Amino acid sequence: RSSDLKRLVVRYYDISDAGGLAKQVKDLFGKYSYEYKSQKSETSEAKIYFIKLIPANITSIGQVVDLKGFIKRGEVVGYEMKPGSYKLACGILQRGYQNIANGAPGADGPTMDHYKKDVMTAYLGRLNKIEVDSGVPLNQLVRALFCDSIELKGSNWSEMFADDFKERCGYDIEPWLPFVLFGRYAGGVVC
């Protein structure tokens, strides 16, 4: 496949006791650990990318508990939850591909992955043929390019996103993902 689109979404769940945490984790792993198909995508799979326990009255990122290391086969093992109210933030990485919708004649099949450098370089390299054929530098022929690939809807992640972010911004985005993807955390309430 030329495309392997990814979407990272966050689901939030209210948790107030260890029993609720155990049940929710078991439900999450049962739902997101296996391949599934949807109407929007020819094939898809979903897996849990992160799972974090956030105190309702959080004052510091250091209070967030990364539960992924405490989960074995869908069970919480070796973690003792302190009394209180929490949000369980579950990052779900959906992977799959989309077929071209309403493309030009001959433009059928899977969409390209716009986030992969080698795929984009190959695509843009094809534009060089215009320059070669016309004998005019491409920057004199084309002022801008626009991609309206509706097939990308919701695609927001790539294999290298976190590494590229750290290199460019100087810090790790991973601890902040529950707070920046499809929701925000304000005043102890996820809205």
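Tutor: Take the pair Asp14 and Lys87, which form a salt bridge with their closest N and O atoms 2.4 Å apart. The model is a predicted one, and that applies to everything below. Asp14 sits in strand E1 and Lys87 in strand E7, so this bridge links distant parts of the chain, 73 residues apart. Asp14 is exposed, because its relative accessible area is 60% and the cut-off for exposed is over 50%. Lys87 counts as buried because its relative accessibility is 15%, and buried means under 20%.

Side chains of opposite charge can pair when their charged atoms come close. In one, the side chains of Asp27 and Lys23 meet, with 2.7 Å from N to O. These two residues are four places apart in helix H1, so about one helical turn separates them. Asp27 is partly exposed, with a relative accessible area of 38%, while Lys23 counts as exposed at 53%.

Another salt bridge joins the side chains of Lys26 and Glu75, with 3.3 Å from N to O. Lys26 belongs to helix H1 and Glu75 to strand E6 (residues 75–76), so this pair ties together parts that lie 49 residues apart in sequence. Glu75 is partly exposed, its relative accessible area being 37%.

Apart from neighbours within four places in sequence, Leu67 is in contact with Leu21, Ile51, Lys52, Leu53, Tyr79 and Leu88. One of these contacts, Tyr79, leads on to the aromatic rings.

A pair of aromatic rings is described by the distance of the centres and the angle of the planes. The count of aromatic pairs comes to six. Phe70 and Tyr79 make a tilted pair, with 5.3 Å between centres and 55° between planes. Both partners are partly exposed: Phe70 has a relative accessible area of 27%, and Tyr79 has 22%.

Phe161 and Phe165 make a stacked pair, with 6.3 Å centre to centre and 25° between the planes. That angle counts as stacked because the cut-off is under 30 degrees. Both residues lie in helix H4, four residues apart, or about one turn of the helix. Phe161 is partly exposed at 34%, whereas Phe165 is buried at 17%. Ring pairs also join Tyr49, Trp157, Phe161, Phe165 and Tyr171 into a cluster.

Ser158 counts as buried, because its relative accessibility is 13%. Leaving out residues up to four places away in sequence, Ser158 touches Lys6 and Tyr115.

The last stop is on the surface. Tyr123, Leu124, Ile130, Leu141, Val142 and Leu145 form a nonpolar patch there, with about 510 Å² of accessible area together. Helix H2 (residues 117–134) gives the most to this patch, with three residues. Leu124 is found in helix H2 and counts as partly exposed, at 38% relative accessibility.

Note on methods:
Residues numbered from 1 in each chain as written. Predicted model: local features only at pLDDT ≥ 70, side-chain atom pairs only at ≥ 80, totals over all residues. Heavy atoms only, no water. Buried < 20%, exposed > 50% of the residue type's maximum accessible area, 1.4 Å probe, protein only. Contact = heavy atoms within 4.5 Å. Salt bridge = Lys/Arg side-chain N within 4 Å of Asp/Glu carboxyl O. Phe/Tyr/Trp six-rings, centres within 6.5 Å; stacked < 30°, edge-to-face > 60°. Patch = residues over 30% accessible without salt bridge, like charges linked within 9 Å, V, L, I, M, F, W, Y side chains within 5 Å. Areas by Shrake-Rupley, 256 points an atom, 1.4 Å probe, with all protein chains shown as cover.
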